[in-house]
Amino acid sequence: MSQERRVQVLGGWPMLALNIGLTAAGVALFVWSLVNASAYPRHGPVGFPLTVGVVLVVLACISYAGHFTLQPNEGRVLVLFGAYGGTVRESGFHWTHPFNSKLRVSLRARNMNTERLKVNDLRGNPIEIGAVVVWRVQDTAQALFDVDHYEDYVKIQSESALR
């Protein structure tokens, strides 16, 4: 059985500032090397600053994929290349490894109405029964990894308990 692990992730705002800085530095190096190559052909090698500028922009673009937001009563399950990394439950703007899959799980209380069932009591009289089930996800790892569709699982379990 899977067990939920809480993980701490980096704040989104400092990482956003870092990503914007990387993008600006990469673009500046790229433009500087192109200007120096055309204006001063004998000034020196411009291939290195050009390469560094392109690499910085590519790294910043990849790093932008690590940003995500969480609303109250929401969680994100982090999965890195098929391995469960942990769950983030704190609302706000966050950053994690850009290659993490960030699976959204609602932690809000939900209602489910079961269909009316016709059953017979001990005397054989037909009666209709139904139920309203209020439920919410307690363990995000179990909800995502231990059952196939946890919403359908709750529905099937509620109907079987009612019968």
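The legends below describe close-up views of a predicted model.

**View 1. The largest pocket and its lining.**
The largest pocket holds about 220 Å³ of space. Its lining consists of 13 residues, and those nearest the pocket centre are Asp139, Gln142, Ala143, Tyr150 and Tyr153. Two elements, α3 (140–145) and α4 (150–162), each give two or more residues to this lining. Helix α4 provides the largest share, with three residues. Sorted by class, the lining has eight nonpolar residues, two polar residues and three charged residues.

**View 2. Gln157 in helix α4.**
Gln157 is placed in helix α4. The relative accessible area of Gln157 is 40%, so this residue counts as partly exposed. Between Gln157 and Phe145 there are 17 Å in space, C-alpha to C-alpha, and the two are twelve residues apart in sequence.

A nonpolar surface patch covers about 950 Å². Its members are Val27, Phe30, Val31, Leu34, Val35, Val54, Val58, Ile62, Leu80, Phe81 and Phe99. At least two residues of the patch come from α1 (12–39), and at least two from α2 (47–63). The largest share belongs to α1, which supplies five residues. One of the patch members, Phe30, lies in helix α1. Phe30 has a relative accessible area of 34% and is therefore partly exposed.

**View 3. The salt bridge between Glu4 and Arg89.**
Side chains of opposite charge can pair when their charged atoms come close. The model has five salt bridges. In the one between Glu4 and Arg89, the closest N and O atoms are 3.0 Å apart. This pair links distant parts of the chain, 85 residues apart: Glu4 is in the segment before β1 (10–11), and Arg89 is in the loop between β4 (83–88) and β5 (92–95). Glu4 is buried, because its relative accessible area of 17% falls under the 20% cut-off. Glu4 and Arg89 also belong to a network of salt bridges that includes Arg6.

**View 4. The salt bridge between Glu74 and Arg104.**
Glu74 and Arg104 form a salt bridge in which the closest N and O atoms are 2.4 Å apart. Glu74 is in strand β3 (residues 74–80) and Arg104 in strand β6 (residues 100–106), so this pair ties together parts that are 30 residues apart in sequence.

**View 5. The salt bridge between Glu128 and Arg116.**
A further salt bridge joins Glu128 to Arg116, with 3.9 Å between the closest N and O atoms. Glu128 is in strand β9 (residues 126–129), while Arg116 is in the loop between β7 (110–113) and β8 (117–120), so the pair ties together parts that are twelve residues apart in sequence. Glu128 counts as partly exposed at 48% relative accessibility. Arg116 is exposed, because its relative accessible area of 68% is over the 50% cut-off.

Note on methods
Residues are numbered from 1 along each chain as its sequence is written. This is a predicted model: local features need pLDDT of at least 70, side-chain atom pairs count only at pLDDT 80 or more; totals for chains, interfaces and linings use all residues. Side-chain values use heavy atoms; hydrogens and water are left out. On a 1 Å grid over the protein atoms alone, a cavity is a set of points where a 1.4 Å probe fits but cannot get out, and a pocket is an open set with protein on both sides within 12 Å along at least five of seven lines; lining residues have an atom within 4 Å of a point. Grid points are joined across faces, edges and corners, and a volume is the space filled by probe spheres set on the points. Helices (H or I, at least four residues) and strands (E, at least two) are DSSP runs, numbered from the N terminus. Ala, Val, Leu, Ile, Met, Phe, Trp, Tyr, Cys and Pro count as nonpolar, Asp, Glu, Lys and Arg as charged, and the others, Gly among them, as polar. Patches are made of residues with over 30% relative accessible area and no salt bridge: like charges are joined within 9 Å, nonpolar side chains (Val, Leu, Ile, Met, Phe, Trp, Tyr) within 5 Å. Accessible areas come from the Shrake-Rupley method with a 1.4 Å probe; for residues, only the protein chains shown count as cover. A salt bridge is a side-chain nitrogen of Lys or Arg within 4 Å of a carboxyl oxygen of Asp or Glu. Buried means under 20% relative accessible area, exposed over 50%, partly exposed in between (1.4 Å probe, protein chains only).
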